[in-house]
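The following exercises are to be worked with the sequence and the model side by side. Each task is followed by a solution in steps.

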Amino acid sequence: MRIEYAPALLEAVVLAHVRRLEAAGDPVPARELQRDTHDLDLLDEAARERGLVELHGEAFRKHGFEEPLREALGERPELAGLVARVQLFVAPEARLEEVDLNPPGSTERILRIRVGAWRFAQPKILREYLARQLVHVADLLDPAFGYEHLARLSDRPAEDGLLRDRYRVLWELSVAGRLARAGRCPDAERARVTGELDALYGTASTTARARIFARFFDGPRPTHADLLACAHDTRRLFALAGVPHERAGPMPGSPCPLCRFPSHSWSARLDDAVVAAVRSDFPSWSPATPICERCSDLYELAYATRSPS
Ligand SMILES: [Zn+2]
């Protein structure tokens with residue numbers, strides 16, 4: 001497997017590193033880098049560019065920045081035969097970080113990882129981050145997982161976002177659990193996914209959430225079809241997780257399934273017309289799940305203004 005680092009990533013990581021050393025009272029590496037960079041000024045543009053890439057690449061290797069990825073890949077030997085090249089790019093901000101594979105059918109399988117340069121300041125946390133991403137990639141490439149790319153999970157943008165979050169969090173729980181069994185899941189990551197699960201399924205009881213956690217974190221890996229079914233239908237999720245039938249009301253302060261804001265007042269019985277209106281925006285919502293009063297008011301109002309009086 002070939003590993004390639006984009007010149008912009010090498011530069012960002014190395015510059016940030018020498019600046020950190022400088023701030024910590026060691027100005028030598030920054031000065032040396034500046035001197036070596038100046039030496040390249042005598043060359044023509046193309047040669048200067050090549051020189052810079054070489055300079056940053058050398059410093060990158062010297063400071064051990066290749067190690068986190070190498071170690072994370074070492075823990076996923078199953079990827080060796082499946083991925084020909086791994087390319088790392090710099091993500092200018094956290095929300096632009098992503099991992100993707102080039103489409104199947106390409107002559108060569110390339111794994112592209114877009115990562116923030118700031119992560120290299122903490123090699124252990126970077127390695128843990130990469131380890132999680134690589135488990136996702138191994139799932140994607142495993143025919144038994146049955147992954148299929150879907151551009152949209154719902155035609156309604158609001159619902160699409162919700163379904164994607166559910167799919168992602170349930171998958172992340174399974175990834176965290178598998179890494180935990182290998183002694184590779186830090187407590188902070190476990191706490192983070194648990195928090196996301198609680199936020200997404202805040203209207204379920206504590207027992208139900210504990211069962212979901214146990215099923216995905218401790219249980220066998222779900223398939224793509226399982227994740228999709230669970231994201232679309234909470235009853236399927238409860239069945240898979242062995243949650244006994246419950247009709248517990250939402251806890252005060254738990255998020256509304258529609259607007260996702262924490263709510264303390266929940267709609268009582270909804271009008272059939274309102275149910276139909278909510279369903280047209282959120283087809284997977286069931287009237288058995290209470291919605292917040294703000295949302296029910298909005299839908300009632302929208303219905304009243306739409307219908308002839
Ligand atoms: Zn709401």
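**Exercise 1: Strand β4 and its partners**

In this predicted model, Phe89 stands opposite Arg114 in β4. Determine which strands pair with β4, and in which sense.

Solution. Begin with strand β2 (residues 85–90): six bridges join β2 to β4, and the two run parallel. Turn next to strand β3 (residues 98–101), which pairs with β4 over four bridges in the antiparallel sense. Within β4, Arg112 is the bridge partner of Asp100.

**Exercise 2: The two faces of β4**

Assign the residues of β4 (residues 110–115) to a covered and an uncovered face.

Solution. In a regular strand, side chains alternate between the two faces of the sheet. The covered face of β4 holds Leu111, Ile113 and Val115. Ile110, Arg112 and Arg114 make up the uncovered face.

**Exercise 3: Locating the largest nonpolar core**

Solution. The chain is divided into domain 1 (2–141), domain 2 (157–241) and domain 3 (256–306). The largest nonpolar core has 52 residues, and Val13, Leu88, Leu170 and Leu197 are among those with the most contacts inside it. Helix α6 (residues 157–181) gives the most to this core, nine residues. Because domain 1 and domain 2 both give residues to this core, it lies between them. Another core, of nine residues, lies apart from it and includes Cys256, Val278, Phe282 and Cys295.

**Exercise 4: Contacts of Leu197**

List the contacts of Leu197, leaving aside neighbours within four places in sequence.

Solution. Leu197 is in contact with Val169 and Leu173, and also with Arg209, Ile212 and Phe213.

Key. Residues numbered from 1 in each chain as written. Predicted model: local features only at pLDDT ≥ 70, side-chain atom pairs only at ≥ 80, totals over all residues. Core = buried A, V, L, I, M, F, W, Y, C linked by C-beta atoms within 7 Å. Buried ≥ 20, exposed ≤ 12 C-beta atoms within 10 Å, placed from the backbone. Domains from an automatic or database assignment. Contact = placed C-beta atoms within 7 Å. Pairing = 2+ DSSP bridges.
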